[in-house]
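I ask you to look at the sequence and the structure together as I speak.

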Amino acid sequence: MATKEFKNQKIEHYKKQFEKAKVAVVADYRGLSVEEITELRRGLQAQDSDLTVTKNTLCKVAAKDTNFECVSELMQGPTAIAFGFGDEVAAAKVLAKFIKENKKGEILGAVLDGKVLSKQEAEKLASMPSKEELYAKMLGSINSPISGIVYSVNGVMSALVRAINAVKDQKSA
């Protein structure tokens, strides 16, 4: 049985995670080995996220008076929480990809901006493009009209040069 001091340390750890996080994706980790959980953790850490296998009662205590207080609705059975500290989509994306590839575990839901997302909504969150992808699309659409103008002006200039060359060739012949 865990000591009171150990439980308090766990609660403090969970509180720190909740304070830093922008999103919390709750998953059932049944069927995953320690090696697979470690692999998932490494994948999440590469995306400025982290995975914590939780003790539900302690986690519920830690979530009180935070934006993630409603996470207790999702905590049933053995749960792990993927905390996203940077991009809100990254943690859900990595977790969903891992579950799909390994065919083990399942996403139970998520908490974003103080609101509970159902399993389906959390999976939709995972399918959304990341911030970097959105930035690239936005820059591409901003750059597109400028490129079109450059190509149009360049085309007119090329046509003018060809016409002048044709006139020069005609007069010299």
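Let me begin with a definition: a charge sits over a ring if NZ of Lys or CZ of Arg is within 6 Å of the ring centre and within 35 degrees of the ring normal. Please keep in mind that the model before you is predicted. In this model, K20 lies over the face of F85, at a distance of 4.8 Å from the ring centre.

F85 belongs to one aromatic cluster together with F18, F68 and F83. In the structure there are three aromatic pairs. Where do F18 and F83 lie? F18 is found in helix α1, residues 4-20, and F83 in strand β3, residues 79-84, so the pair ties together parts that are 65 residues apart in sequence. Are F18 and F83 buried or exposed? Both are buried.

I turn now to the helices. Two packed helices are described by the angle between their axes and the distance between the axes. Helix α4, residues 90-102, packs against helix α5, residues 119-127, at an angle of about 100°, and their axes are 7 Å apart. Helix α4 is therefore roughly perpendicular to α5. Which residues make the contact? From α4 they are A92, K93 and A96, and from α5 they are A122, L125, A126 and S127. Of the residues in this contact, five are nonpolar, one is polar and one is charged.

Technical notes: Residues are numbered from 1 along each chain as its sequence is written. This is a predicted model: local features need pLDDT of at least 70, side-chain atom pairs count only at pLDDT 80 or more; totals for chains, interfaces and linings use all residues. Side-chain values use heavy atoms; hydrogens and water are left out. Rings of Phe, Tyr and Trp (its six-membered ring) pair if their centres lie within 6.5 Å; planes under 30 degrees apart count as stacked, over 60 as edge-to-face and the rest as tilted. Helices (H or I, at least four residues) and strands (E, at least two) are DSSP runs, numbered from the N terminus. Buried means under 20% relative accessible area, exposed over 50%, partly exposed in between (1.4 Å probe, protein chains only). Axes are lines fitted to C-alpha atoms, for helices over the stretch in contact, and angles run from 0 to 180 degrees between N-to-C directions. Angles under 35 degrees count as roughly parallel, over 145 as roughly antiparallel, 65 to 115 as roughly perpendicular and the rest as oblique. Contact means heavy atoms within 4.5 Å. Ala, Val, Leu, Ile, Met, Phe, Trp, Tyr, Cys and Pro count as nonpolar, Asp, Glu, Lys and Arg as charged, and the others, Gly among them, as polar.
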